[in-house]
Amino acid sequence: MVIEQKYDSIKKLNNGFSLLTVCMNREENLLASLKSWIQIPELSEIIIVNWSSDENYYEKINEFKKYKTIKFVNVLNESYWILSHAYNLGAMFIEYDKFLKIDCDVKLNKDFLKCHKLTESNFFTGNWKTAKDENEVHLNGQFLCYTKDYYDNNGFNELLLCYGYDDTELYDRFINNNLQQNFFDLNTLTHQPHSRDSDKNIPIVYNDYIEFLIK
């Protein structure tokens, strides 16, 4: 996937907030999170990418469309979970100028967007350094930014193929392009704990050599 091909020719974005999430074999977490997202009045759309899950979630997600505009993108025949590829694909469907990336196992308070004032010079993220427990560590990968900033920085680095570092590497590029990093109020979002056994249902690829080169 060459992310620049889409972003160089992107159409004019509407004023509003797009929430993007990607899910692979976490149906229960996704549906619980979705119930919280549809309560946020400022959200203009929710984009859900089903990254080759064992089951198609469309019918269950379709029940929520009466509350919010939901786009469902079904990706077939991917053998491995690759976050950078999945989210860059999903970002191609964004229609609004403010972009909220949230993992499918993270719930949001109804006032989440009211609590975080986005400007053209800043972006918001989680912060593992201030986490009080293991669950809050997982919030580091959530972020809110202007869609243009995500596009201008070419999204996630697609050489990063495994869990971890993809978010930090993107944030570093934001900062290097003169954006100020602010942090979410961790009382406004919650990571749903899940067992390590459920992680076994999500096959990942790992390449030590690529990771070494990037770092």
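Me: Which residues do ring pairs link into a cluster?
Reply: This is a predicted model. By the ring-centre rule, the count comes to 13 aromatic pairs. Ring pairs join eight names into one cluster: Tyr87, Phe99, Phe123, Phe143, Tyr150, Phe156, Tyr171 and Phe174.

Me: What is the geometry of the pair formed by the rings of Phe99 and Phe143?
Reply: The ring centres of Phe99 and Phe143 lie 5.4 Å apart. Planes over 60 degrees apart count as edge-to-face. The planes here stand at 85 degrees, so the Phe99–Phe143 pair is edge-to-face.

Me: How many residues apart in sequence are the parts that Phe99 and Phe143 tie together?
Reply: Phe99 belongs to strand 4 (residues 96-101). Phe143 belongs to strand 7 (residues 143-146). Both residues are buried. The pair therefore ties together parts whose separation in sequence is 44 residues.

Me: Is Tyr150 buried or exposed?
Reply: Tyr150 is part of helix 6 (residues 147-152). Its relative accessibility is 0%. The cut-off for burial is under 20%, so Tyr150 counts as buried.

Me: At what angle do the ring planes of Tyr150 and Phe156 stand?
Reply: Tyr150 and Phe156 are both buried. Their ring centres are 6.1 Å apart. The pair is edge-to-face because the planes stand at 75 degrees.

Me: Over which ring does the charged end of Lys101 sit?
Reply: A Lys charge needs its NZ within 6 Å of the ring centre. For Lys101 the distance is 4.8 Å. The ring under its charged end is that of Tyr87.

Me: How far is the charged end of Lys98 from the centre of the ring of Phe17?
Reply: The charged end of Lys98 sits over this ring. Its distance from the ring centre of Phe17 is 5.2 Å.

Me: How many disulfides does the structure hold?
Reply: A disulfide needs two cysteine sulfur atoms within 2.5 Å. Cys104 is buried, at 5% relative accessibility. Its closest cysteine sulfur, in Cys23, is 3.4 Å away, too far for a bond. The disulfide count for the structure is 0.

Me: How many of the residues of helix 2 are buried?
Reply: Helix 2 spans residues 27-37 and is mostly covered. Its buried residues include Leu30, Leu31, Leu34 and Trp37. Among the elements that cover them are strand 1 (14-23), strand 2 (43-51) and helix 3 (58-62). Of the 11 residues in helix 2, the number buried is 8.

Technical notes:
Residues are numbered from 1 along each chain as its sequence is written. This is a predicted model: local features need pLDDT of at least 70, side-chain atom pairs count only at pLDDT 80 or more; totals for chains, interfaces and linings use all residues. Side-chain values use heavy atoms; hydrogens and water are left out. Buried means under 20% relative accessible area, exposed over 50%, partly exposed in between (1.4 Å probe, protein chains only). Helices (H or I, at least four residues) and strands (E, at least two) are DSSP runs, numbered from the N terminus. Contact means heavy atoms within 4.5 Å. Rings of Phe, Tyr and Trp (its six-membered ring) pair if their centres lie within 6.5 Å; planes under 30 degrees apart count as stacked, over 60 as edge-to-face and the rest as tilted. A charge sits over a ring if NZ of Lys or CZ of Arg is within 6 Å of the ring centre and within 35 degrees of the ring normal.
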